[in-house]
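Subject: Handing over the structure

Hello,

Here is the structure I promised to pass on to you. Please open it alongside this note, and I will walk you through what turned up.

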Amino acid sequence: MMHLIAENMAPIMFCSLIIFLLLGYPVAFSLAANGLLFFFIGVELAPHSGDTINLSWPLLYAMPERLWGVLSNETLLAIPFFTFMGIVLERSGMAEDLLDTIGQLFGPIRGGLAYAVIFVGALLAATTGVVAASVIAMGLISLPIMLRYGYDRRLASGVIAASGTLAQIIPPSLVLIVLADQLGRSVGDMYKGALLPGLVLTGIYICYVVVMSIMRPKSMPALPLEARTLGHGATSLAVALVVAAAVAYTAHVALTPSVGVDADIWGAVVGIALIYVVAIVDRAMDLNLMSRLAQQVIIVLIPPLALIFLVLGTIFLGIATPTEGGAMGAVGALIMAAGKKRLTLDVVRQALASTTRLSSFVIFILIGARVFSLTFYGVNGHLWVEHLLTSLPGGEVGFLVAVNMLVFFLAFFLDFFELAFIIVPLLTPAADKLGIDLIWFGVLLGVNMQTSFMHPPFGFALFYLRSVAARVPYLDKITGRRMEPVTTGQIYWGAVPFVGIQILMVALVIAFPQMVMHYKGPVVNPDDVKIEIPALPGLGGGGLGLPPLGAPGESAPLIDPQAPVSDLSKPPSFN
């Protein structure tokens, strides 16, 4: 009996961890307690294991060094920076300005507010990277407006919750930082690989709204005329964008000789900066060069876009590391909040408190995971998991299907941090052994983990939206009408179609790996590679009488094949 338990310590340990988590114990303490408990058991059973358990008391001396490795990890410094940036931006009112402006821009078309929520959700994802901040901000601002003008409650709830979860996959996502750390890969490569899938997922959300606006037009009416306070002006905005594009192209041509391949980026910076300055001067001096709508769109949109370039652009160009990009983003968020005169001591205090809480949460889970992994590796748990996964039928495809089904199921009970720290380290060796690119694998898991925010009944995005949605009837501030509350069932049913879209996105990432693999750059065909060795001066056809290097010559070879071979067993003769 003791021998049987000793040989199956790894599956027993893993199952006991799942039981601890299902009982509701905190993840960090469940990991650490499970690891220490089975360490003591493993030391006692080691003599009965037939060398399958490699645990002894002196192994605990390695724990301080493992914990120091967690605390000294510079990659994880990006988490507090991006968290602080997101919370400051949320407190600065950027989400409110974006939703109001983009809602006015798309207002005349059916489903315009839904398009605005998705577009702003993508922008907030690229600036904040925090799901809670995005969902709560859009729930507070957009949901009452959408209900005021007759939007279906399930559709409105689903669009807001799903758009908020884009912060999970669009850089600078916090989960991508954790995944890169757990996979042992570059955060910059993970960001590059995840950018296109995030944009594709945003496009699929928009396509869903388009289809629903055609099939159920009454579920998402256009804004009435009295609600379009900025008036018309789409033509003026289009003209401004054309002028900015022309200026950007001219600057690109002019700068190409001096800056080379980066000329297109600097050209875009010149064009955008010019149109932004023109809009500000036009509003300040009342020159009427463009419409009010065009002014508002340009003035509201360009600062967050500039912040995105400051963070992601510098990372993708190799100018800054993700940690340095996060630090610059935090400073940029403070500057934007100060520019709107909303940077107060209370805002900074709230941002610091929230950042400290999240960072402490991550560190404690990491410490618990280190304790658990010390014991789990000591009982050869990694070999058990690797053998279990690599022996699945179907090879690589079977492995990917099984892993994604496992992550999808566990996402009902665990959030993305817990999945990243518990499951990913167990899956990585098997994926690497099967020859799967770990950046692609990480992005695939990130898209799948995004469903953890949308799963009824435990999705965190649904909880965030439930916390700000009306629970009782209320009087609308603008129309004075009595509005019915949003039920929990409506929020859950609204999320179901978007969970299906995310599952479809997982399948698309598997079917089209180049969507992620473009981070490696263009594919090089070995058949097209030519290696040419230039002829050295004085060695080809010159005074030495030698043939050109790498080319056949008619002169005598350097070594005469008919010359007698020296006997190397005797000393050389100099006669």
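Let me begin with helix α16, where D346 and R349 both sit three residues apart, about one turn of the helix. (Helices are DSSP runs of H or I with at least four residues, strands are runs of E with at least two, and both are numbered from the N terminus.) The side chains of D346 and R349 meet in a salt bridge, 3.6 Å from N to O; the term stands for a side-chain nitrogen of Lys or Arg within 4 Å of a carboxyl oxygen of Asp or Glu. D346 counts as partly exposed at 40% relative accessibility, and R349 counts as partly exposed at 47%. Here buried means under 20% relative accessible area, exposed means over 50%, and partly exposed is in between, using a 1.4 Å probe and protein chains only.

Two notes before you read on: this is a predicted model, in which local features need pLDDT of at least 70 and side-chain atom pairs count only at pLDDT 80 or more, while totals for chains, interfaces and linings use all residues. Residues are numbered from 1 along each chain as its sequence is written, and side-chain values use heavy atoms, with hydrogens and water left out.

**The chain as a whole**

The protein chain has 24 helices and two strands. Of its 575 residues, 47% are buried. Among contacts with a separation of 6 or more, 75% are between residues 24 or more positions apart, where contact means heavy atoms within 4.5 Å.

**Salt bridges**

A search of the whole structure finds four salt bridges. One of them joins the side chains of D97 and K340, at 3.1 Å from N to O. D97 lies in helix α6 (residues 94–106) and K340 in the loop between α15 (322–339) and α16, so this pair links parts of the chain 243 residues apart, and K340 is partly exposed at 31% relative accessibility. Another brings together the side chains of R216 and D152, at 3.4 Å from N to O. R216 is in the loop between α11 (187–215) and α12 (234–259), and D152 is in the loop between α8 (131–148) and α9 (153–164), so the pair ties together parts 64 residues apart in sequence.

**The core**

Which residues touch the most other members of the largest nonpolar core? They are F399, F441 and M449, in a core of 165 residues. (A nonpolar core is a set of buried Ala, Val, Leu, Ile, Met, Phe, Trp, Tyr and Cys residues joined through side-chain atoms within 4.5 Å.) Helix α14 (residues 292–316) gives this core its largest share, 13 residues. Not counting residues up to four places away in sequence, F399 touches L389, L392, L427, A430, A431, L434, I436 and F441.

**Aromatic pairs**

The structure holds eleven aromatic pairs: rings of Phe, Tyr and Trp (its six-membered ring) pair if their centres lie within 6.5 Å, and planes under 30 degrees apart count as stacked, over 60 as edge-to-face and the rest as tilted. F29 and F364 form a tilted pair, 6.5 Å centre to centre with 55° between the planes. F29 belongs to helix α3 (residues 27–45) and F364 to helix α16 (residues 345–378), 335 residues apart. F29 is exposed, with a relative accessible area of 54%.

Best wishes
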